Amino acid sequence: MILMSGPCVIESYENLSATAKALQPIAQNEKIDFYFKASFDKANRTSLDSYRGPGLEKGLELLAQIKKEFGYKIITDIHESCQAEAIAKVADVIQIPAFLCRQTDLVVKVAETDKIVNIKKGQFMNPADMRYVVLKAIKTRGGNEATYEESKKYGIWLTERGNSFGYGNLVVDMRSLVIMRAFAPVIFDATHSVQMPGIAGGKSGGDSSFVPYLARAAASVGVDGFFAETHLDPKSALSDGANMVPTAKLFGLVDDLLRLQELLPTFNSTQNA
């Protein structure tokens with residue numbers, strides 16, 4: 001089971017290191033393909049006054065330290081094409097944010113690296129149309145068709161993070177997991193799926209109490225992995241605290257997801273057929 005977890009944004013090395021240390025039991029589980037996640041920049045914050053992170057150079061330096069200290073594989077976001085080369089020197093997975101999933105130049109530039117490309121489905125996107133986004137990356141890497149096996153071969157993943165539902169709310173259509181898994185490995189973003197964009201007076205809110213329910217539902221439908229941001233103290237987090245899972249509670253959730261995948265191996269493995 002793929003698992004991407006860590007704080008939403010880099011707050012300090014002390015916070016990164018403490019979180020990375022707390023996640024060691026999960027990262028060392030042989031049943032989990034673990035990636036440590038943190039963003040060096042939150043470029044799409046609601047307000048200009050919101051904390052964005054330490055920036056590209058300092059952020060990558062801190063992530064490189066985590067990689068060296070803990071031996072973790074790293075995933076982080078990209079926001080501009082010019083960042084690809086620098087990010088590829090540190091990250092094992094380069095993530096294209098949901099709002100940028102249709103930016104052709106960005107998708108192509110990331111696909112030109114030798115890193116796994118994780119593309120988040122836009123909140124505004126028909127899941128079936130993500131096939132064309134996947135195809136941009138696959139063709140850049142020398143492939144010709146968007147199928148599950150081709151995407152897996154060329155290292156192209158998709159992440160579901162909910163759909164806009166009116167103003168200030170998201171919903172997850174579990175059918176999208178099946179639709180997209182026909183042409184790419186699918187990750188379920190359990191924490192951004194409970195986000196409530198812009199409802200907290202110039203910033204996004206959310207309700208992390210729904211994370212376990214949605215994650216278990218996605219595991220039952222069949223996915224390749226999970227994205228779950230975590231923080232030692234979400235109430236003090238500088239970004240997306242309302243959505244993140246307290247690190248102490250993440251262990252039970254991961255155990256549940258592993259058990260569900262073990263209960264439904266045949267069902268899950270046939271969803272890409």
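Modeller: By relative accessible area, a residue is buried under 20%, exposed over 50%, and partly exposed in between (1.4 Å probe, protein chains only). This is a predicted model, in which local features need pLDDT of at least 70, side-chain atom pairs count only at pLDDT 80 or more, and totals for chains, interfaces and linings use all residues. Residues are numbered from 1 along each chain as its sequence is written, and side-chain values use heavy atoms, without hydrogens and water.

Colleague: Why is E61 called partly exposed?

Modeller: E61 has a relative accessible area of 40%, which lies between the limits of 20% and 50%, so the term applies.

Colleague: What makes the contact of K58 and E61 a salt bridge?

Modeller: A salt bridge requires a side-chain nitrogen of Lys or Arg within 4 Å of a carboxyl oxygen of Asp or Glu. The N to O distance for K58 and E61 is 3.5 Å, so the pair qualifies. The structure holds 14 salt bridges.

Colleague: Where do K58 and E61 lie?

Modeller: They are three residues apart in helix 3 (residues 56-70), about one helical turn. Helices are DSSP runs (H or I, at least four residues), as are strands (E, at least two), numbered from the N terminus.

Colleague: Is K121 buried or exposed?

Modeller: K121 has 0% relative accessibility; that is under 20%, so K121 is buried.
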